[in-house]
Amino acid sequence: MLTLDIQSQQAPHPSEETKPMLSMKTIDLVKSTIPLLESAGVAITEHFYERLFRLNPELKNIFNMSNQHSGRQQFALFSAIAAYAKNIENPAVLATAIERIAQKHTSFQVQPEHYAVVGHHLIETLRELAPDAFTPDIEAAWTEAYGYLASIFIGREHEIYQTAAQKPGGWCGPRLFTVLQKKIESEYVTSFVLAPSDGGAISAYMPGQYLAVRVKPAGADYFEIRQYSLSDKFNGENYRISVKRETDPVMGTVSNYLHNTINQGDEIAVLPPAGDFFLQDTGTPNVLISAGVGLTPMMSMLEAIVATENHEPVFFLHACENPQQHSFATRIENLQEQNPKIKSFTWYNNSDVLPGMSYRGLMEIANIAAQLPLSSGNFYLCGPTGFMKFVKDQLLAIGVKPERIHYEVFGPHSAL
Ligand SMILES: Cc1cc2nc3c(=O)[nH]c(=O)nc-3n(C[C@H](O)[C@H](O)[C@H](O)COP(=O)(O)OP(=O)(O)OC[C@H]3O[C@@H](n4cnc5c(N)ncnc54)[C@H](O)[C@@H]3O)c2cc1C
Ligand code: HEM
């Protein structure tokens, strides 16, 4: 097993502008392997995961094995490794990605000791795939470079775990929550209101953040961890998540378990709120754009904004298949009726009827662009990545600055 001297390295905070602690020789050697990494592509991470789960099957309790079928997790890890090799002289440029990954890692309960296991399989993967190119020098360089990156993650994840545990109502690791209410929101989406079974306090979160549930459906060999965005503003007593039943191409493990098996009064284990996608500023107009179940973080943001006195205008743009699949439609309509600063627009992909302020077909922002705060607003996107790319391209074309566009991916991250 590879020995990583991770703990002894002084890791910088990822946002710090810092000179790398790696030698020039290491940097040059790692960079010299970039063409090799790029030509091998995701074959590296496929080989890596096959090795990891064969030799350390206990890690199936942490990873979402369904994401392995789609290849999205392999691609996310490969992209991260390639980006690291390219930016090894200054890992501070990767700060945003490192923060996002560290937040995600903590919601999967990744621990410092896991880094040596993962590092070992990465090194052995490189050796097995490119035995000739993987000289002892290259091996030493990658071992050092991986250890350095791992130390950055371990340091940041330690901070996140500590903060989550130490804040009022906070905790660390799985905590049992009882379902107070189970409510159907639309054809496929059901909400679960969760209160801690120990009767204690719960920690606050930023609107847009998610929590994770850790369950073991009957017959499953391993625990399953899934993230769900909080779908309401923080109320100090309980959390609400809203879960879409996934049916295509096969029944999703956890969403169907929650829909079919978990009822009012049942308990599930919950990991603390996390995530780097949240409402930045209530002092600007906000444009909340979603498709399908991607509206959950937007509901949290909308409810938080409208609870703020003298808030700026908020625009709620939502796309879904038809009115039967439109979650929270009545709530949004009521809020809009009560509050002239809320403007809601809906696109139904496939509907004969068009209630209220709704359009048929795909979300064409041009139809309403004149009403949007293109230069002063912050724009939040959540939904399938194809949808978010489609919308982001339109926003850029009508002059929205890229730094005002924020987005969340409901799965392994991918750039738009
Ligand atoms: C930050 C974040 C926030 C999220 N917020 C929400 C939210 O608010 N609401 C919500 O509903 N979801 C949310 N999700 C998604 C959620 O975490 C789960 O991914 C989702 O519920 C599906 O989990 P599952 O166990 O039901 O499906 P999984 O079993 O994980 O399957 C996922 C997909 O893969 C397919 N699949 C599974 N096995 C195979 C196979 N062998 N071959 C081919 N395809 C297969 C399934 O059909 C399904 O479409 C969020 C995800 C993230 C990362
Ligand atoms: C330096 C080493 C590592 C790198 C570069 C890395 C990179 C990544 C990336 C890019 C993602 C996707 C993030 C996203 O969706 O936003 C991810 C997710 C994840 N990582 Fe890591 N990771 C590392 C170490 C580890 C370790 C040690 C573990 C624990 C065994 C781990 C477990 C996970 C899990 C469970 C996920 C979520 C997977 C999913 O959504 O299916 N990672 N990691």
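Entry 1. I looked up which elements build the shell around ligand 1: α4 (65-70), β4 (224-229), β5 (239-244) and α9 (253-261) each supply at least two residues. Helices (H or I, at least four residues) and strands (E, at least two) are DSSP runs, numbered from the N terminus. β4 gives the largest share of this shell, four residues.

Entry 2. I note that this is a predicted model, in which local features need pLDDT of at least 70, side-chain atom pairs count only at pLDDT 80 or more, and totals for chains, interfaces and linings use all residues. Residues are numbered from 1 along each chain as its sequence is written, chains are lettered from A and ligands numbered from 1 in the order in which they are written, and side-chain values use heavy atoms, with hydrogens and water left out.

Entry 3. I found 26 residues around ligand 1, near meaning that a heavy atom of the residue lies within 4 Å. Gln 227, Tyr 228, Val 250, Val 254 and Ser 255 come nearest. By class, the shell holds nine nonpolar, eleven polar and six charged residues, with Gly counted as polar and Tyr as nonpolar.

Entry 4. I then looked at individual atom pairs. Oxygen atoms of ligand 1 lie 2.5 Å from a polar side-chain atom of Ser 255, 2.7 Å from a polar backbone atom of Val 254 and 2.8 Å from a polar side-chain atom of Ser 66. The protein buries 84% of the 970 Å² that ligand 1 exposes when taken alone (Shrake-Rupley method, 1.4 Å probe).

Entry 5. I looked up the iron atom of ligand 2: its only protein donor is His 105 (NE2), at 2.1 Å. Donors are N, O and S atoms within 2.8 Å of the metal (3.2 Å for Na, K and Ca); water is not among the atoms, so sites may look incomplete. His 105 sits in helix α6 (residues 95-107).

Note on methods
Polar contact = N/O pair within 3.5 Å; in protein donor to acceptor, adjacent residues only side chain to side chain.
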